[in-house]
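Good morning, and thank you for coming.

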Amino acid sequence: MDIEPFMLRAVLTALFLGPLCGFIGVFVTARRMSFFSDTVAHAALAGVALGFWLGLPDPTVPMILFSLVIAGLILWLKERTALLNDTIMALLLSGSVALGMVILSLLKGYRGELDRYLFGDILSVGWSDAALALVVLITVGSVLFWKLNALALLTAHSDLAHVSGVPVRWLNYGFVALLTVTVALSIRLLGIILVTSLVVIPPAAARNLARSLRQQILLSLFLGLIGASGGVILSYPLNLPSGPCITLTLAGLFVLSLLGGRLQRGHQNAS
Amino acid sequence: MDIAFRSQKPAAVEVQDLHVRLGGNPVLRGVNLRIEAGRMVALIGPNGSGKTTLLRCLLGLQKPDSGSVRLLQEGPPGPGILKRMGYVPQRLQLDPSFMLTVREFLAIRRPLTASWFWRPSRQIDALLHEAVGEMDVTRLLDRPVAGLSGGQLQRVLICSSLLNEPELLLLDEPTAGVDTPGEADFYELIAEVHRRRGLTVVLVSHDLSMVYRHASRVYALNGVICCEGAPEEVMNAESLRQAYGIHFTPYQHQHPHSHGSHGH
């Protein structure tokens, strides 16, 4: 069976980013950072718009950079002001989307691009995106495994992590940067609106079945891989945007995990 | 205060003229404190008295505006000194969605078991065997930390803080969230650890009754150290009125004494 080159690029990108989002998502959900992930994803819209405004053929770089700037702003405002996290993020999310929409409205001929970035489009995934996804998988994945103990301790108790010699502030910044790059890059597949589903649903589904952090991480990696690649593959014959297809596949996996978890507990109670 | 500073025994904790303002309000107003090595002491005070702020200064989490902290006769809390210290927080910030088990929580804190992710549980258990046996947490190893009761969690937190053989152990409101029978067991356990290991233990608490039984010295804080001494000296109505700012009748406890009899 012949595989269309664009399909191969999209599936490879999904195979690289799905497990990575699943892995990093374990810490995102446990640290209650889902809204943070959503905010930096929405911020990417302004980055995309700026990229088009600057006349760049591929807005990936400004998209990632703008998301990083917004992530940094969230941390800065959190440290320097008395504003609540939710307020800061809602402010920056709506502000970034508004900025992106205004820039795109002023540009001629880019309205069609908007849907691609909002809902994901496998046709827009180039070889450079697949290569970048592989580099990010290797880099971010290695750092996450290298700093696994420190991250787990930071998630459990930041003061305890400090006393144990973890550089809490820098680890926090580092984690936010890795999350932002991973999320921004996954926008090609899922779109701005749905990208957080790949970060949140795999660890949530894994939690229904896992009995330890190790199991949760491994299951989340696996579910991210299946959900992302399965959604991309389904989107082609169904002629649908890849974002909703990936999210619905993940939602299906979550329902299965709920049932699996209940069966598991029922079996334990019976024995 | 002068009496304490005249002591010749080495100090595990020395705090001099410590001032901290938070949000413009003076929280610590010249705290002087000297805790002898090997003692089990209690730092008591009402809510808002600066107990947590002082503890954060000892842990290097809060920079004082002025004054000094010297720990384990070496210097202010830094990476080198923190390695020689243990800390038991009130509770963890763990979300139930995080499936960290007790085994994994203990393993991540010990260099020997740092590669727990790649090793079978049996190997990790063998390496943790001694520590988990001492604190009787073997049966909890497979349990998620987020699902433990208050008493079980405190036991696990102490076990983890002892893994690296600390010389100084700081406990923040250790029985918050622990039921009354559990409290007694908990303090017995801490006292046993203190006796066996000879380390310095600092209990930060507003629980006045427990200091009668277990602490050998009590420091009452309310912005400054209002009074310090043996429990029976500090726990008189006048001293506590200074610390708590209200008239207070000391708790007439019924349980047997473990550090000699005292009248109150």
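**Two chains and how they meet**

Chain B has ten helices and nine strands. Here helices are DSSP runs of H or I with at least four residues, strands are DSSP runs of E with at least two, and both are numbered from the N terminus. This is a predicted model, in which local features need pLDDT of at least 70 and side-chain atom pairs count only at pLDDT 80 or more, while totals for chains, interfaces and linings use all residues. Residues are numbered from 1 along each chain as its sequence is written, and chains are lettered from A and ligands numbered from 1 in the order in which they are written.

Of the 264 residues of chain B, 42% count as buried. A residue is buried if 20 or more other C-beta atoms lie within 10 Å of its own, exposed if 12 or fewer, and partly exposed in between, with C-beta atoms placed from the backbone.

Let me turn to the sheets of chain B. One is an open sheet of three strands in the order S2-S1-S4, with antiparallel pairing. Two strands pair if DSSP finds at least two bridges between them. Strand S2 (25-36) and strand S4 (66-71) of chain B stand at the edges with a single partner strand each, so one side of each has no neighbour in the sheet. On average, neighbouring strands of this sheet are turned by 15° against each other, direction ignored. For such angles, axes are lines fitted to C-alpha atoms, for helices over the stretch in contact, and angles run from 0 to 180 degrees between N-to-C directions.

How many bridges join S1(B) to S2(B)? There are nine, and the two strands run antiparallel. Leu18(B) has Val31(B) in S2(B) as its bridge partner. The hairpin of these strands has two residues between them, and Gly23(B) takes a positive phi there, near 55°. On the S4 side, five bridges join strand S1 (residues 11-22) of chain B to S4(B), again in the antiparallel sense. Val13(B) stands opposite Leu71(B) in S4(B).

Helix H2 (residues 51-58) of chain B packs on this sheet and touches S1, S2 and S4 of chain B, its direction making about 120° with that of S1(B). Two residues are in contact if their C-beta atoms, placed from the backbone, lie within 7 Å. Is H2(B) mostly covered or mostly uncovered? It is mostly covered, with seven of its eight residues buried. Among them are Lys51(B), Leu54(B), Arg56(B) and Leu58(B). After H2(B) comes Gly60(B), whose phi is positive, near 75°.

The other sheet I will describe is an open one of six strands, in the order S5-S6-S7-S3-S8-S9 of chain B, with mixed pairing. Strand S5 (85-88) and strand S9 (225-229) of chain B are at its edges, each with a single partner strand, so one side of each is left without a neighbour in the sheet. S5(B) pairs with strand S6 (residues 168-172) of chain B in the parallel sense over four bridges. Within that pair, Val88(B) has Leu171(B) in S6(B) as its bridge partner. H2(B) packs on this sheet as well, touching strand S3 (40-44), S6, strand S7 (200-205) and strand S8 (217-221) of chain B, and its direction makes about 150° with that of S6(B).

Now to chain A. Chain A has eleven helices and zero strands. Of its 271 residues, 51% count as buried. A compact globule with 271 residues would have a radius of gyration near 18 Å, and the 19 Å of chain A agrees with this; the radius is taken over C-alpha atoms, and the globule rule is 2.2 Å times the number of residues to the power 0.38.

Finally, the two chains together. In the interface, 25 residues of chain A are in contact with 23 residues of chain B. Helix H7 (148-156) of chain A is one of the elements that give two or more residues to the chain A side, and H7(A) gives the most, with six residues.

The largest nonpolar core has 162 residues, and Leu17(A), Ala44(A) and Val202(B) are among those with the most contacts inside it. Such a core is a set of buried Ala, Val, Leu, Ile, Met, Phe, Trp, Tyr and Cys residues joined through C-beta atoms within 7 Å. H9(A) gives the most to this core, with 20 residues. Ala44(A) touches residues including Met63(A), Phe66(A) and Ile187(A), not counting residues up to four places away in sequence.
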